[in-house]
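The sequence and structure come before the details.

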Amino acid sequence: MVSLTDVQWARIEPLLPERTPRRGGRWRDHRQVIDAIAFKYRTGTPWMDLPERFGSWKGAHNRLRTWAADGTWEKVFITLLAQADADGDLDWVVAVDSTIGRAHQHAAGARQKGPGRRARRHALGRSRGGLTTKIHLAADNRCRPLAFVITPGQAGDAPAFPQIMARIQVPRPVGRPRARPDVVLADKAYSSRAIRSHLRRRGIRAVIPQPADQAANRKRLGRRGGRPPAFDREAYRQRNTVERCINRLKQWRGLVTRYDKTATIYLAGLHLPSTSGQRGDPKTRPSCSPT
């Protein structure tokens, strides 16, 4: 079932813009539009093939674009994270990972002029398998995504790590937003001096295994190689939460296969599963088991 429950809608509705914009006519019901957008991404249905019960597909698509451009989707996402944190439902043991999303041929062809050029060709990369986009994300210990960054598919994991950490910003009633996890879990792709130093400077405990080649090189250098980095094998077992978070995202066919031409709209689509299931009905709250 893609439609929002009454409990979910009660949490999201106050965070949305008013239905009467400053210019133009009155928007149609937000709930119907969000259900239409969620249906499109969950099933991978082309916009023009949306069921009639959702109304005009153009209206739903325009609302998606408008709210992606003005940051509404991200605002709702962050506000729900803040509510979860205030309720003590947010876990600050954070795992980081990435996954590849194949891009459909319809995702190519976006204009490269103007502000879109800053998106590095809209996060589309070429490889032997065709066009791809890499989704980098951080998830808490309850399999809840905290931040997203998208890059071309051929981009490495480690270079995107500082961007992911910078996007973890959870507002609090008093003071600055919380941006520092207690622990960061990551696989061997993130084992580098730069990343470990970055976490050390911020007072974050790193749980990252060392690849065999790095360990061998350190031993070869003898005393000059320094001490091996600390590694908590028991804590590392919790890293599967980000993998399960990715598995939940991949149940949305419009995300596992990218159809959006621009990075802005695709990034907005990534916020949809989290926005619809972060809080509210316990049956739809994120868990570490697939649904």
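Buried means under 20% relative accessible area, exposed over 50% and partly exposed in between, with a 1.4 Å probe and protein chains only.

## Basis

The model is predicted: local features need pLDDT of at least 70, side-chain atom pairs count only at pLDDT 80 or more, and totals for chains, interfaces and linings use all residues. Residues are numbered from 1 along each chain as its sequence is written, and side-chain values use heavy atoms, with hydrogens and water left out.

## Salt bridges

A salt bridge is a side-chain nitrogen of Lys or Arg within 4 Å of a carboxyl oxygen of Asp or Glu. The count is 13.

D232 and R205 form one, at 3.4 Å from N to O. D232 lies in the loop between helix 8 and helix 9 (233-236) and R205 in strand 6, so the pair ties together parts 27 residues apart in sequence. Helices (H or I, at least four residues) and strands (E, at least two) are DSSP runs, numbered from the N terminus. R205 is partly exposed at 40% relative accessible area, and D232 is partly exposed at 30%.

R142 pairs with D89, with the closest N and O atoms 3.7 Å apart. D89 is buried at 9%, while R142 is partly exposed at 37%. D89, D140, R142 and R144 are linked in a network of salt bridges.

## Confidence

pLDDT is the predictor's confidence in each residue, from 0 to 100. Its mean over the chain is 86, and 87% of residues reach 70 or more.
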